[in-house]
Amino acid sequence: MSQIVDTLEALLFVADQPATIKSLAGAMQVTEGQVEQGLEVLEARLEERGSLRLTKLAGGYQLATKPEFAAVIAAFLKPQRHRLSKSLMEVLAIVAYQQPITLSELEQVRGVQSDYSVRSLVERKLIAEVGRKPVPGRPVLYGTTQEFLHQFKINDLKDLPEIDPERDDAADIVAKTLFDD
Amino acid sequence: MAPRQQLAERNSISSLGVIAPPPIHVTTPTFDGSLAMLFQCVRDHKVHLLDVPLFPICEAYFFYLVNLDEADLDEAAAALTALAYLIERKAWMLLPVPDPEPELDEPLELPTPTAHEYETAIESLRIWHEERSQIFFRSVEAGPDPYELPVSLDNVSPGDLAKALEKLLRRAKPESIKPLGKPRKSLSEQMRIVLQTLSEDWRHLEDMIEEPFTRYEAVYWFLALLELIRLGQAAVRVEGEDVVFARASRNSTPVPATAE
């Protein structure tokens, strides 16, 4: 097992994107079960010591630095962090939950024009064209990308939090006040 | 003309502030009385106008006009106003009744779920994004610089080429307005022209183009030249502060026939 764990660590060290269990098993010529066990051991070992940890995201595994080193790494790399505005985040959330979704459907949910936000998210590679809807005009369907999962440290779209349609927030209260009489 | 005061005394003023119509008597199967009374009853919803035929009333009005001994246009106008009101009212009543609008007793149907229901999700995504910014991964190798030249031009930079284009554009003449739909010159045609103009001697771009030329032609010249450089059929080098061009010594790649 120690050999498998060391090999996994080596493979994950050189991987520049999340590696799936299947791809790791294929490269190492071992079973997927052995890889899963090896990853568990590696995860525990990395948590105990060192500056790296095993991260599960975008359907695979990747080595990442521990958060406590964030400040010093940021000072070293000087990364350009692009914050997402509230409107971009809203569009991204709607696409993530309703995908595949057309621009007009998205605008129907938001109630405002959203073409700029969509274009901006496409440029950031967080969403992408995933096809065309078989209706007149064949509008483009948008969906989230692997980069979205990576950027938000999400392993699978199923891990997104559930949205609560019964949420009694301000808009609901206004609607009730207006229409309940 | 009678003074205003005399008129006011002679003509009674109605509750609407207009002169009351003359005592034209109308007799219909459903109403018998004066025009003023009919007007009052209709206005107060005491008589259903649809049941009152207006033809006999109009006849009575014409009879009144024809037999008017003393011309009193104010009274005649008041009668006409009352009659017009009745006709208009009845005309509206005869129009088809539109379907009643649905009462808004329930909220309008909104797409489900609406944007505000994503608030929790948006907040979660924001937190995750923040957490993600605290960890670092092995970075992917940077892609090609979008401004990188596709071929090596030794010491010629994109800035040098841009400067040559700017210099050329400054000498371009204003473009005349042309009708839409004019066929566009293809880039391959322009490349052939440029190739014929290029020689073994190094020349500035503006020395190769025959004046006068428009901005459109200048851009076409420049694009054709860039494409020829990319294909290895033209050469460029820096001379002083400018770039100069010449025909390349090797001539391996032909000009494509369909380049646009």
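Student: Where does K125(A) lie in chain A?

Tutor: K125(A) lies in the loop between α7 (115-123) and β4 (127-132) of chain A, where helices (H or I, at least four residues) and strands (E, at least two) are DSSP runs numbered from the N terminus. Before we go on, this is a predicted model, in which local features need pLDDT of at least 70 and side-chain atom pairs count only at pLDDT 80 or more, while totals for chains, interfaces and linings use all residues. Residues are numbered from 1 along each chain as its sequence is written, chains are lettered from A and ligands numbered from 1 in the order in which they are written, and side-chain values use heavy atoms, with hydrogens and water left out.

Student: Okay, and is K125(A) buried or exposed?

Tutor: K125(A) counts as exposed, at 55% relative accessibility; buried means under 20% relative accessible area, exposed over 50%, and partly exposed in between, with a 1.4 Å probe and protein chains only. K125(A) also has a positive phi of about 65 degrees although it is not a glycine. Most residues other than glycine have a negative phi, and most peptide bonds are trans.

Student: What about A58(A), and where is its place?

Tutor: A58(A) sits in the loop between β1 (52-57) and β2 (60-65) of chain A, and this residue has a positive phi of about 50 degrees without being a glycine. With 10% relative accessibility, A58(A) counts as buried.

Student: Which residues does a cis peptide bond join in chain A?

Tutor: In chain A, a cis peptide bond joins Q99(A) and P100(A), with omega about 0 degrees, and P100(A) lies in the loop between α5 (86-98) and β3 (101-102). In chain B, a cis peptide bond joins E211(B) and P212(B), with omega about -5 degrees, and P212(B) is in the loop between α8 (205-208) and α9 (215-230).

Student: Switching to helices, at what angle do α3 and α4 of chain B pack?

Tutor: Helix α3 (residues 55-66) and helix α4 (residues 73-94) of chain B pack at about 170 degrees, with their axes 11 Å apart. Axes are lines fitted to C-alpha atoms, for helices over the stretch in contact, and angles run from 0 to 180 degrees between N-to-C directions. The two helices are therefore roughly antiparallel to each other, given that angles under 35 degrees count as roughly parallel, over 145 as roughly antiparallel, 65 to 115 as roughly perpendicular and the rest as oblique.

Student: Which residues make that contact between α3(B) and α4(B)?

Tutor: Contact means heavy atoms within 4.5 Å, and among the residues making it are Y61(B) and L65(B) of α3(B) and L80(B) and L83(B) of α4(B).

Student: What does A60(B) touch?

Tutor: A60(B), which has its place in helix α3 of chain B, touches I24(B), H25(B) and V26(B), not counting residues up to four places away in sequence. A60(B) and V26(B) are 34 residues apart in sequence and 6.4 Å apart in space, C-alpha to C-alpha. A60(B) is buried, with a relative accessible area of 14%.

Student: Last one: how do α1 and α3 of chain A cross?

Tutor: The axes of helix α1 (residues 2-14) and helix α3 (residues 32-48) of chain A come within 9 Å and cross at roughly 80 degrees, and that makes α1(A) roughly perpendicular to α3(A).
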